[in-house]
Amino acid sequence: MTSAITPRAVLLTGASGGIGRACALALAAKGFHVYAGVHTATPDLDATGITQLTLDVTDSGSVAAAAEQVAKHQDGQGIHAVVNNAGVLVQGPTELVPISEWHRQFEVNVHGPVLVIQAFTPLLREGGGRVVNISAASARVPFPFLGPIGASKAALESYSESLRVELAPWRVPVSIVQLGAMRTEIFAKSAAAAEMALTQADPRTVALYNRQLAAFDQAAAGQRYAPVGVAVSAIVRAVEARRPRARYVAGTDARLAVWLSRIPARLRDRVFERALGLSGIEPAPLPAA
Ligand SMILES: NC(=O)c1ccc[n+]([C@@H]2O[C@H](COP(=O)([O-])OP(=O)(O)OC[C@H]3O[C@@H](n4cnc5c(N)ncnc54)[C@H](OP(=O)(O)O)[C@@H]3O)[C@@H](O)[C@H]2O)c1
């Protein structure tokens, strides 16, 4: 940990890879002092002036210790922003996603940001700071088999909207950055966890979903992913803006999701069934009792 102190300090969670790491580097290059929350410190970030903090957002002790370290180093100056970026993606048909996976989804994506906000709000008040919460297009539209991630990001968005009004008296703005699909490791990690869950599920229930999951996988294989820079630009804008907006949307598919969220629900369901190749698939026969 370095002892450099600047008034424009940013706490960024989930900075070991993907969007978080790219964001940490971009913010550091713009002159912010970045406190990068990572599970395990990596030597390659050391030369960048970024301060790495061991931070597991699901562990209240770890979050409190990180806030204490930042407070000590900021020495009364507070911080300019908290970026809640750490996240996981849990996917699968509801019947086949173990409840422990649903818990993990909400622990990291919802309770994690809440713990971080609870611990860092005093520093945000002190520094005239802001909150930037990273959401996903799935918060607004019904991607089948992405129920866990969609529900967690919808919860995060709802929470962010309340928080914005709660923190308004101290002029601490709260922004949501809603991202479309970006090229990161999150999908491979999620697919591996989903695969593992399937091996542990009742094969008769798995068989009921095989046709739909095959269609979904085929559609997913054709998914276009934006480069991580698209997400980074939106997050940096939210961190830098003199008057941060309530919501930023990044990625063509995220903008399409905003439009789809406004059409009637039944029509939207049909659009999704068609786009994902699900329409017309007959359910597999039920197993013999
Ligand atoms: N990529 C996309 O298409 C996309 C789209 C919409 C929204 N998002 C959101 O963007 C954010 C970043 O995702 P990404 O695509 O960059 O994924 P990623 O490459 O998997 O990075 C996620 C980061 O979160 C960290 N993390 C996971 N659990 C954590 C925990 N308990 N405590 C602290 N850190 C934890 C990971 O650390 P470890 O690797 O050490 O576990 C990793 O650094 C997430 O909130 C995600 O939901 C991504």
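My entries below go from the whole chain to single residues.

**Ground rules**

I am working with a predicted model, where local features need pLDDT of at least 70 and side-chain atom pairs count only at pLDDT 80 or more, while totals for chains, interfaces and linings use all residues. Residues are numbered from 1 along each chain as its sequence is written.

**Entry 1: the whole chain**

I started with the elements and found 9 helices and 7 strands in the chain. Both are DSSP runs numbered from the N terminus: helices are H or I with at least four residues, strands are E with at least two.

Next I checked the overall dimensions. The C-alpha trace spans about 65 × 40 × 30 Å along its principal axes.

Then I looked at burial: 39% of the 289 residues count as buried. A residue is buried with 20 or more other C-beta atoms within 10 Å of its own, exposed with 12 or fewer, and partly exposed in between, the C-beta atoms being placed from the backbone.

Contacts came last. Among those between residues at least 6 apart in sequence, 74% join residues at least 24 apart. Two residues are in contact if their C-beta atoms, placed from the backbone, lie within 7 Å.

**Entry 2: the core**

Which residues have the most contacts inside the largest nonpolar core? I noted Val10, Ala36, Ile79, Val82, Phe120, Val177 and Ile235, in a core of 72 residues. Such a core is a set of buried Ala, Val, Leu, Ile, Met, Phe, Trp, Tyr and Cys residues joined through C-beta atoms within 7 Å. I also jotted down that nonpolar side chains tend to be buried together in soluble globular proteins.

Leaving out residues up to four places away in sequence, Ile79 touches residues including Val10, Leu11, Val70, Phe120 and Leu123.

**Entry 3: helix α7**

Helix α7 covers residues 228-240, and its 13 residues reach 18 Å from first C-alpha to last, close to the 18 Å expected. The expected span is 1.5 Å times one less than the number of residues.

Its buried residues include Val228, Ala231, Val232 and Ile235. I asked what covers the buried residues of α7. Among the elements doing so are β1 (9-12), α1 (18-29), β4 (81-84) and β6 (174-179).

**Entry 4: around the ligand**

I counted 28 residues around the ligand, the closest being Gly14, Gly18, Gly87, Ala136 and Thr184. The largest share, 3 residues, comes from α1.

By class, the shell has 12 nonpolar, 13 polar and 3 charged residues. Ala, Val, Leu, Ile, Met, Phe, Trp, Tyr, Cys and Pro count as nonpolar, Asp, Glu, Lys and Arg as charged, and the others, Gly among them, as polar.

Most residues other than glycine have a negative phi. I found Phe145 with a phi near 70 degrees, in the loop between β5 and α4 (147-167). Phe145 is buried, because 22 other C-beta atoms lie within 10 Å.

Arg171 also has a positive phi, about 55 degrees, and sits in the loop between α4 and β6. Is Arg171 buried or exposed? Arg171 has 11 C-beta neighbours inside 10 Å, so it counts as exposed.

**Entry 5: a few more residues**

Ile50 lies in the loop between β2 (33-38) and β3 (51-54). With 23 C-beta neighbours inside 10 Å, Ile50 counts as buried. Beyond four places in sequence, Ile50 touches Ala24, Ala28, Val34, Ala36 and Leu45.

Ser62 is in helix α2 (residues 60-74) and is partly exposed, because it has 18 C-beta neighbours inside 10 Å. Its C-alpha atom is 10.0 Å from that of Leu115, 53 residues apart along the chain.

Gln69 is in helix α2 too. Gln69 is partly exposed, with 16 other C-beta atoms within 10 Å.

Methods
Near = placed C-beta within 6 Å.
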